[in-house]
Amino acid sequence: EELITSYDIIQRMKLSALLQNIEITEENNQLLLNNTVDELVHEKLKNEKIQEYNISIEENEYLEFENNFYKRNNLDKELVFNLLNSNNINLIELERLLKNQLSWNKLVNGLFFRLTSVSDLEIDEVISKNPNITIDQARNIVTQRQLDLKSGKMMRDMLNEATIEYK
């Protein structure tokens, strides 16, 4: 049984707003709050499943994932650290978020990757919408879509089985 505190919610809400370059206002505060609570509940459920399967990550895996995160989101690591510090957001919150994402990806890949299959029709469809990508890139996109679907179903199942109390 894991609790999510108001401190957790505020830290994650500020972190998400900072990473997505969203200003928290009276108009969007409740929406951001609700999304943050949902995100944290999902994260707790994911962590339970990650622990159930004894998923661990090596330091070099994490550092590579972190670097890719900054590149993918076009963020400067030093600038993010400075913004976290100036907004009283604990760096551990960002590390927790990234480690959870990496561990969940490892779990989903381990459980479902061998069950994915990609047809030529699916590859052709992706290439027709994105003519500049290679066949391998199209195959990876289709595979990732299938893994995302499996991940989403597993999350819905976990939410249906969970007892969640709001206080």
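Where is the place of Tyr-166? Tyr-166 sits in the segment after α7, and point 7 returns to this residue.

1. Basis. This is a predicted model, in which local features need pLDDT of at least 70, side-chain atom pairs count only at pLDDT 80 or more, and totals for chains, interfaces and linings use all residues. Residues are numbered from 1 along each chain as its sequence is written, and side-chain values use heavy atoms, with hydrogens and water left out.

2. Secondary structure. The chain has seven helices and zero strands, and its elements run α-α-α-α-α-α-α from the N terminus on. Helices (H or I, at least four residues) and strands (E, at least two) are taken as DSSP runs and numbered from the N terminus.

3. Overall dimensions and surface. The C-alpha trace spans about 50 × 40 × 35 Å along its principal axes. Of the 167 residues in the chain, 31% are buried; buried means under 20% relative accessible area, exposed over 50%, and partly exposed in between, with a 1.4 Å probe and protein chains only. The accessible surface comes to about 11,500 Å², and carbon and sulfur atoms account for 48% of that surface. These areas come from the Shrake-Rupley method with a 1.4 Å probe; for residues, only the protein chains shown count as cover.

4. Contacts and charge. Among contacts between residues at least 6 apart in sequence, 76% join residues at least 24 apart, where contact means heavy atoms within 4.5 Å. The chain carries 19 positive and 29 negative side chains, and the centres of the two sets are 4 Å apart. Lys and Arg count as positive and Asp and Glu as negative, while His and the chain ends are not counted. The place of a charge is taken as NZ of Lys, CZ of Arg, CG of Asp or CD of Glu.

5. The axes of helix α5 (residues 91-112) and helix α7 (residues 135-161) come within 10 Å and cross at roughly 105°, which makes α5 roughly perpendicular to α7. On the α5 side the contact is made by Trp-104, Leu-107, Val-108, Asn-109, Leu-111 and Phe-112, and on the α7 side by Leu-147, Lys-150, Ser-151, Met-154 and Met-158. Helix α1 (residues 6-19) also has an axis that comes within 10 Å of that of α5, crossing at roughly 75°; α1 is therefore roughly perpendicular to α5. Here Gln-11, Arg-12, Leu-15 and Leu-19 of α1 meet Glu-93, Leu-94 and Leu-97 of α5. Axes are lines fitted to C-alpha atoms, for helices over the stretch in contact, and angles run from 0 to 180 degrees between N-to-C directions. Angles under 35 degrees count as roughly parallel, over 145 as roughly antiparallel, 65 to 115 as roughly perpendicular and the rest as oblique.

6. Lys-49. Lys-49 belongs to helix α2 (residues 29-52) and counts as buried at 18% relative accessibility. Not counting residues up to four places away in sequence, Lys-49 touches Trp-104, Leu-107, Met-154 and Met-158.

7. Tyr-166. In the segment after α7, Tyr-166 is exposed, with a relative accessible area of 60%. Leaving aside neighbours within four places in sequence, Tyr-166 is in contact with Val-37, Asp-38 and Val-41. Tyr-166 and Leu-3 are 163 residues apart in sequence, yet 9.9 Å apart in space, C-alpha to C-alpha.

8. Phe-113 and Lys-129. Phe-113 is in the loop between α5 and α6 and is partly exposed, at a relative accessible area of 46%. Outside the four places on either side in sequence, the contacts of Phe-113 are Val-108, Thr-143 and Leu-147. Lys-129 lies in helix α6 (residues 120-129) and is exposed, with a relative accessible area of 58%. Lys-129 and Leu-111 are 18 residues apart along the chain, and their C-alpha atoms are separated by 29 Å.

9. Backbone at two asparagines. Asn-21 has a positive phi of about 55° although it is not a glycine; Asn-21 is in the loop between α1 and α2 and is exposed at 71% relative accessibility. Asn-74, likewise not a glycine, has a positive phi of about 55°. Asn-74 is found in the loop between α3 (59-72) and α4 (77-86) and is exposed, with a relative accessible area of 72%.
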